[in-house]
Amino acid sequence: MRRGAGAIRPLVIAAALATALAAAPATAGPVDTPGFTSAFSCSACHGRAGASRADAVPILAGMPAWYLKKAIDDYAAGRRPSPEMEPFSKMVKTLGADEVAGYFAAQPREASQSKVDRTAIANGRTASATCAACHGEDGRGNQAKGTPDLTGQPPGYLLNQMKLFKAEKRSPGDATLTSIKVFMKSIDDKTLADLAAYYSSLGR
Amino acid sequence: MARMSRRDFLKASSGAAVAVSGLAGCARTAAPTAMTTPADLAPTSGRRVIVIGGGWGGATAAKYVRMEDPSLEVILIEPNTKFVSCPFSNLVLSGVRSIGSLTFGYNALREQHGVRIIHDTATAIEPDARRVRLGRGFLTYDRLIVAPGVDFQTEQIEGLAAAGDSVLHAWKAGPQTVALAQQLKEMPDGGVFVMSIPPAAYRCPPGPYERACQVAWYLKTRKPRAKLLVLDANQNVISKPALFRAAWQAYPNLEYRASSKVVKVDPAAREVTTEFGDKVRYDVVNVIPPQRAGAIAVAADLVGVDKRWCEVDHVTYESVKAKNVHVIGDSTIGIPVPKSGTVANSMGKIAATAVVHLINGRAAPQMPPINTCYSWVSDSEVMAVVNAYRIDNGKVVQIEQKLTPGQSTLYAQHAMAWAASIWADILA
C-alpha cells in the first residue's frame, strides 16, 4: 500500500462508484442455457462457446451433435488416441455427452480466421475431388457416411488430422478407414496443406 | 454487448499503451479530505461481488460472474495494471518469447464485461460485516472471491530477504523474469547457473523442471561451456518425472540433484548452502522460495493450521473458515489438483457460477475442475499432463491423469493454441 494515499482513498472509492459504468440491464445471463455450465471448461482450449480461434484446435460451435458425440465416444474409448482429449471426454461423459454436444451444436458457427493462401486454396480445390465423394461437394459432411463438416475449420487442425491419418495415429486399425488412409498416404504433405486451406476457406 | 475477437484482443492488449484507469485519475485530482472513515459504500445495483486478485483465477471469476448475471455489480481489486502470464514465461529466459508477448491489459474486462477494476491492494477482510478494507475505506459485498495467488516464505532461506533483488525468484512473471533473462545472457561461458526448487506444494509443479529445460537449452546453444545445476528440495522430479528425465538427455550441461534443499544464500560469496551443509558456488542464481497463499488470505486467517493454504468446499469454493468468502487458485489446498493456471481458470468459472447461483438463492451446480499443463522442453517441443475430475459425494476426485507419450512439435502447437484460448477466456 502506498503511504500517504490513505487519506484520500475513501473519496477515490466514492468517486469510482459515482462514475461507474452505467448499470448493465438486468437480463438473464447464459447460466440457464442447457449445457453452458457443463461445457464452459472446454473454452480453455476450444474458445468461447466452442468458437476456437486457434489454428491447431477445432471449432466445436455449430458442428452437428452426432459428430461431437462420436468424437467424445471415440476419444473416451481410446479409438481416437489423444492424451489430451481422452481424460476430458471421459469427464464429458460423466457430465452428460448429449447436453455438451447439444450445447456446442446450438452455437453459431464462426469460421476460422487463420490465414489461408489463395494459391493453396485453388490447388486444394483441384485435389479435393476424391474427398468430395464422402465429405460432399460443399465439404459439409454426411451423417450416413460418418463424415464431418470440414468447412471453416482451422487449416492447422485439418492438416494435423490428415497427417495423423496418414501415420496411422488417428483411428488406428479402423477397417472402415483403410481405403482413406491408403489414399492419404499417396498424397504429399504439401497437397494435404492445400486441401486444409481449401476446406478451411469454405464457409468464410 | 459487443464481442471482441480473440485476434483483436491479442492485438489490442499486447504492447498497446495502457489506458490510465479513471480511478487512478480521480486519485490524483481529488482534493485531500478529512481522515474520516466513510460509511460502508453500498453497491449501486443492490448486489455486489468483489474479487480480490486479477490473475488466472480472479480475472476469470470476475468476467464469468458478469457474463452469467449482468445484474450483479463486480469489482475486481488488483494492484497491477497489466496481466503478465506466468505460463510460457520460462520461454523469456531462453529468449524464445518476449515478456511483451505475455503481457495483456484489463481493458476488455472493463469495457466488454462491465467489471469495475480498482488497481489497489485489499488489506483486510471482515467476513461478519461483509466488507473489504481498501486504504481507509471499505467496500461491502454480498459474496467475496479471494484469488491472491502465492506469496514467498522468504524467511525460510537464510540471507534471502536481505539479498533483495540480487537473488531473483522470477516466479511471478514480470520484471524479475526479464532481469533473470538478462543475468543469464550476461553470464560468462563456462559459468554456473544454480536454480533451487522449493518443497512441494508450490505454484506450477512442472514449472521449475521446464525452466531447467529452457535454461539448459539456452546454455547449450549460446554458452556451450556453461553448466546448469538444479538443486531440488524434493526427493525426485515431482511432475512428469520420466518425461523430464528423458528430455534432459539432450542436455548434458544440466546436473540435477534431488533432496538438496537450499537453506542459505550468500550473494557476497555467490554461494548457496543446502540443508546437508553442501556449499555451491554460482555465477547466476535463481532461488524459487517456499510458498504459501497470498498475503491477504493469511491476514484474513483463511489459511488452515499449516498457516499456508486455504481449505474450501469442493463445489462452491466457499472457505471452510469464513461464510460468503470463496477462495480459488493457487491459494487453495485439499482439492486433488495441481496449482496450475488451467486449474485457477477452471476454479474461477466454477466459483463464479456458484456465486451467481447462491446470490440468487439457488443451489450451486456440481462442476469439477480440469487441468492441462504444457511444458516446453526446448525452443520447439512440448509435453503435457492432463487431469480430468468428477464430483463424488461433494468432493473432487480424479477420473484420470494422462501424459503425452513424449515431446513433440504437435504438442507445441497445442500449447500455443491453449495459451491463446485461455488468455482470451480470462481477459477478453
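Trainee: What makes strands 6-7-8 of chain B a sheet, and is the pairing parallel or antiparallel?
Mentor: In this predicted model, three strands of chain B form an open sheet in the order 6-7-8, and their pairing is antiparallel. A strand is a DSSP run of E of at least two residues, a helix is a run of H or I of at least four, and both are numbered from the N terminus. Residues are numbered from 1 along each chain as its sequence is written, while chains are lettered from A and ligands numbered from 1 in the order in which they are written. Because the model is predicted, local features need pLDDT of at least 70 and side-chain atom pairs count only at pLDDT 80 or more, whereas totals for chains, interfaces and linings use all residues.

Trainee: How do you know that strand 7 and strand 8 of chain B pair?
Mentor: Two strands pair if DSSP finds at least two bridges between them. Strand 7 (residues 131-134) and strand 8 of chain B are joined by four bridges, so they meet the condition of at least two. Within these strands, Arg133(B) stands opposite Phe138(B) of strand 8.

Trainee: Why are strand 6 and strand 8 of chain B said to stand at the edges?
Mentor: Strand 6 (122-126) and strand 8 (137-140) each have a single partner strand, so one side of each has no neighbour in the sheet. From one strand to the next, the twist averages 25°; the angle is taken between lines fitted to C-alpha atoms, on a scale from 0 to 180 degrees between N-to-C directions, with helices fitted over the stretch in contact.

Trainee: Why is Ile125(B) called buried?
Mentor: A residue is buried with 20 or more other C-beta atoms within 10 Å of its own, exposed with 12 or fewer, and partly exposed in between, the C-beta atoms being placed from the backbone. Ile125(B) has 24 such atoms and is therefore buried. Ile125(B) belongs to strand 6 of chain B. Leaving out residues up to four places away in sequence, Ile125(B) touches Val132(B), Leu144(B), Ile296(B), Ala300(B) and Val325(B). Contact here requires C-beta atoms, placed from the backbone, within 7 Å.

Trainee: What makes Asp301(B) and Asn393(B) fall into their classes?
Mentor: Asp301(B) has 14 other C-beta atoms within 10 Å, so it is partly exposed. Asn393(B) has 6 such neighbours and therefore counts as exposed. Asp301(B) lies in the loop between helix 10 (295-299) and strand 19 (310-311) of chain B, and Asn393(B) in the loop between strand 23 (382-392) and strand 24 (395-403). Although neither is a glycine, phi is positive in both: about 55° for Asp301(B) and about 50° for Asn393(B).

Trainee: How do you know that both faces of strand 17 of chain B are covered?
Mentor: In strand 17 (residues 284-287), Val284(B) and Asn286(B) on one side are buried, as are Val285(B) and Val287(B) on the other. In a regular strand the side chains alternate between the two faces of the sheet. Strand 17 runs parallel to strand 11 (residues 192-197) of chain B, to which four bridges join it. One of the residues facing each other there is Ser196(B), opposite Val287(B).

Trainee: What makes the side of domain 1 of chain A that touches domain 2 of chain A nonpolar, polar or charged?
Mentor: An automatic or database assignment sets the domain bounds, and chain A is divided into domain 1 (33-105) and domain 2 (118-201). The contact takes 14 residues from domain 1 and 13 residues from domain 2. On the domain 1 side, 10 are nonpolar, one is polar and three are charged. Ala, Val, Leu, Ile, Met, Phe, Trp, Tyr, Cys and Pro count as nonpolar, Asp, Glu, Lys and Arg as charged, and the others, Gly among them, as polar.

Trainee: How do you know which parts of chain B to read with caution?
Mentor: The guide is pLDDT, the predictor's confidence in each residue on a scale from 0 to 100. Chain B has a mean pLDDT of 91, and 89% of its residues reach 70 or more. Over residues 1-8 of chain B, however, the pLDDT is below 50, and over residues 10-39 of chain B it stays under 50. Where pLDDT is low, the predicted coordinates should not be read in detail. The model as a whole scores ipTM 0.88 and pTM 0.89.

How values were computed
Contact = placed C-beta atoms within 7 Å.
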